[in-house]
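Biologist: Please take a close look at the nonpolar core of this model and at the side-chain pairs that go with it. What does the packing look like when it is followed residue by residue?

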Amino acid sequence: MKSILFSFVLIFYSTLCLSQKPPLDTNAIKNWPSVRGGIINADGKFASYIKIFKNKNQITKQVVVIQSINNEWRKEFPDGSNLQFAMDNKHAILDLPGGNLVLITLGQDSMHYFPNTNYWRLIEGDLVYIDKKDVLNFYNLKTNKIKHIYNVKDFIYNEKSSILVITKTFDSDKHSLVWYKYKNNKSQIIWEGKVGEEIRDVTFDISGQQICFIEGNMDDYVLYHFTEKNAKTDVLFRNSSNSIDTTLIISNIQSFSQDGKYLFFTMKKAKSKLIESHLEKESVVDVWHYKDQYISSQRGYFADNEKTYLTVVKIKGKQTIQIEHQDDEIRFRNKEVGLLVQKNKVDHRNKLDSGNLLLYTNYIISLKDGIKTMLDNNMGETILSNTGKFLLYFDSSLNDYFTYEVSTGIYRNITSQITKASNWRNFMTDLDSNKVSEASTIMDSRWLNDDNLLLIHDQNDIWQVDPRAILPPINLTNNYGKKNGIRFDLIFPSSEKRFKTGDKIIIPAFNRNNKDNGFYKITIGKSIDPEELIMGPYLFNSSLEHISNVGEYPIKSEKANVWLVYRMKETNSPNYYVTKDFKSFNQLSNVNPQEGYNWLTSELYSWKDSMNNTIQGVLYKPEDFDSTKKYPVIFHYYEKWSNNLHIFLSPGLSNGPINIPWFVSHGYLVYVPDIHYQIGHTGESALSAISSAANYVSKLHFVNSKKMGIQGHSFGGFETNYIVTHSNLFAAACSSSGISDCISLYGSMDVRGNSLQYMFEDGQFRLGTDLWSKPNIYINNSAIFSLNNVTTPLLIMHTKQDVRILLSQAIELFTGLRHLNKKAWLLIYNNENHTLWNNSAIKDYSTRLDQFFGYYLMDRPAPIWMFYGSSTDIEIRDGDILNNNP
């Protein structure tokens, strides 16, 4: 009996040991797989995606996967790329290394290889490609027959007219453009010239019956026009006879007008003129004038970045008009109407600008004749409707949306009938700042029914409004979002269909309370509760609410009600699924490398801080979490994070911020709280949130309250610096690329010569005033003035080439702490900008960060560099004694 019991215990212990997963290591993250780039064919029966393998920041390998959605057929192509499905729903084509193509018969093992190809595309029933012998091949997918055209360098195709324009080379010094009719195999030469003369930007009009192209070199670029109707090629415009501005040359062709009567192209300064301009400006002195539009340090940057100027030429008559000038920018253009933004002089009594704080005047401009109509300058951020009939803008002073009708010049308040309780503020701005985003959510609007209807959303729900303000607004989600703490969104591109009243559309949704993500269905023109399709602890797309830039939008097959969906959660790597109803999902890819390692789990916690804000935060625990143990915890933070609860976090080394999966896998808890800000009290707001989070978390029975650390990067680094100068709660802290002195940085410039004042007054640092009006706000938010209070050992990381948070910020901080004999270490990485990209630098920083927190939070031995400051020695040597104080 004893031997049986002993054997059982031995087997159980052996099984337990075998079932324990190892922590993440450098070998694990060298080729960490994930999937991306999903597409689905027209009939919804086959899908493709790319499996990529990454080592730190670099892709080491990729595999194109193509499979049936029923999972009965699947092929993989290592190092493949650019897969496209043919419209016959029977074939797919992709590139292989070495200029090889493979034609795949879907659902079968049949594959046909085409070696030595330079360029290809699918045209109706043919695979059309140029091989390395300059032969243009037309391979018919149905008959497998092939025909050829020789001496071809390039081609473009217009689907509407079935015309190819082919660039051919006849001999060593002569080339031509050929107008080729794909359906009847007829061709004609439309232009001939010398080989040394560049041909580029061949552009069709919408009908496919005419083209324009650029030929020549910088000394004399020529803009040509050909129309099949006239069967001849004419010069539209040339540099050498430019009557607009002799300092400008042709840059690029943009497009034809909708009616095909005008051509839009851009011009730019000739490089010779730019060089002359620079030489003229060279002087022994720079004069800075308080009324300059740009401060002197900005001039070189703007001069070196070539500006282009939109220009239009009338095809008949060849009249040319320059639309954009030096201080102009066409922000939007639809058909023949553009929104022109003109930069004015700076309001010198207000701010020296960063390049972004100039005053502007808005115009509606005809792109055919250049006639401008000045608009109300209170419009703020503005966009054009799809057809160019309306401008949409948000008036932050009135908290309402307005339209401007281009044809009549009438302004209309289109949300005046909606209760002012509706909050139009863009959630991506800080809701605690009491400031309304002028941009609001206009970029997320959706124009329907030939611009006769408009969909917009407030903080929760979706509204249908009439751009002419005749029909009353309709709440399409029936206030369901507001009642249930759900945010509905319109960014999701449902399909290319033109929606109209009665149509049903699928919209993404996000629950602010429990962080569930999913989809609902609404009906255009009806105010009824939306139909829930799926909501759960997943992340499908990341357009909603402070969620990091991950996820993908669902993709609908062109001719079937089948959708390709990308889904993840914190414990499951992103994978592709297909669905017909957004209720049941069939998994396609199955990439879950985290299953082989001690991964993480995430939990949402809520509490109140000292300012009585209800704060949410995410606690990450290791997969092998043992509630009977006491764990060290690192608090990490950046703005608001709790909506990231279900994001799958990619593992890796740390390149500035800590890599959460890595630290959790190695036995730490990581807690990431939201921070609510008060204008002018940014540091205090961070301190309140992090301190209250620490007090809350320290009471959890599995937390070692004496082993709590903090780490923040960039804006989070600024917050770390503030916290360690105002709190002694933490056993260790790391600040990377953070600000320590608001006053000195306020008066500094980035590498573009931009003043950094805007970052503090109106930007992320939220100080809300200039330095001279309220200097105490700048002093109170600067850690440098409270270094004498520091008791927490601080590891500082900064990069030498940081273009905005200058290295001097870290040096001020470190030298101050050193002067006061405080425990501090400064790591400076050369040839890096803000975050680390070089693999050697990432490995070095990650090792030191792990050793630093390991010593203070895990009671591990300290390395030599923490004792003696060696810049190269990161090893732990014999003689380093546990708990010896470095």
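Modeller: I will begin with the core and then turn to the ring pairs and the salt bridges. The model is predicted, and local features are reported only where pLDDT is at least 70, with side-chain atom pairs counted only at pLDDT 80 or more, while totals for chains, interfaces and linings use all residues. Residues are numbered from 1 along each chain as its sequence is written, and side-chain values use heavy atoms, with hydrogens and water left out.

A nonpolar core here is a set of buried Ala, Val, Leu, Ile, Met, Phe, Trp, Tyr and Cys residues joined through side-chain atoms within 4.5 Å, where buried means under 20% relative accessible area, exposed over 50% and partly exposed in between, with a 1.4 Å probe and protein chains only. The largest such core has 61 residues, and Tyr620, Ile660, Phe663 and Phe853 are the ones that touch the most other members. The element that gives the most to this core is helix H13 (residues 839-858), with 9 residues; helices (H or I, at least four residues) and strands (E, at least two) are DSSP runs numbered from the N terminus. If residues up to four places away in sequence are not counted, the contacts of Phe853 include Ile634, Phe663, Tyr668, Ile710, Ala732, Cys734 and Met858, a contact being heavy atoms within 4.5 Å. Another core, of 56 residues, lies apart from the largest one and has Tyr605, Val633, Phe715 and Ala733 among its members.

Phe715 also belongs to helix H8 (residues 715-724), in which 10 of 10 residues are buried, including Phe715, Phe718, Glu719, Asn721 and Tyr722. Phe715 and Phe718 are joined by ring pairs into a cluster that also holds Tyr638, Tyr677, Tyr746, Phe760, Phe765, Trp772 and Tyr778. Rings of Phe, Tyr and Trp (its six-membered ring) pair if their centres lie within 6.5 Å, and planes under 30 degrees apart count as stacked, over 60 as edge-to-face and the rest as tilted.

There are 57 aromatic pairs in the structure. In one of them, Trp32 and Trp599 are stacked, at 5.9 Å centre to centre and 20 degrees between the planes. Trp32 is in strand S1 (residues 32-40), whereas Trp599 is in the loop between strand S44 (586-587) and strand S45 (600-608), so the pair ties together parts 567 residues apart in sequence. Trp32 is buried at 8% relative accessibility, and Trp599 is buried at 3%.

The structure also holds 22 salt bridges, each a side-chain nitrogen of Lys or Arg within 4 Å of a carboxyl oxygen of Asp or Glu. One of them joins Lys707 to Asp859, with the closest N and O atoms 2.9 Å apart; it links distant parts of the chain, since Lys707 is in strand S49 (residues 703-713) and Asp859 in the loop between H13 and helix H14 (864-868), 152 residues apart. Lys707 is buried, with a relative accessible area of 18%, whereas Asp859 is partly exposed at 35%.

Glu623 and Lys21 form another salt bridge, again with the closest N and O atoms 2.9 Å apart. Glu623 is in the loop between strand S46 (614-622) and strand S47 (631-636), and Lys21 in the loop between helix H1 (2-19) and helix H2 (26-30), 602 residues apart. Glu623 is partly exposed at 38% relative accessible area, and Lys21 is partly exposed at 33%.
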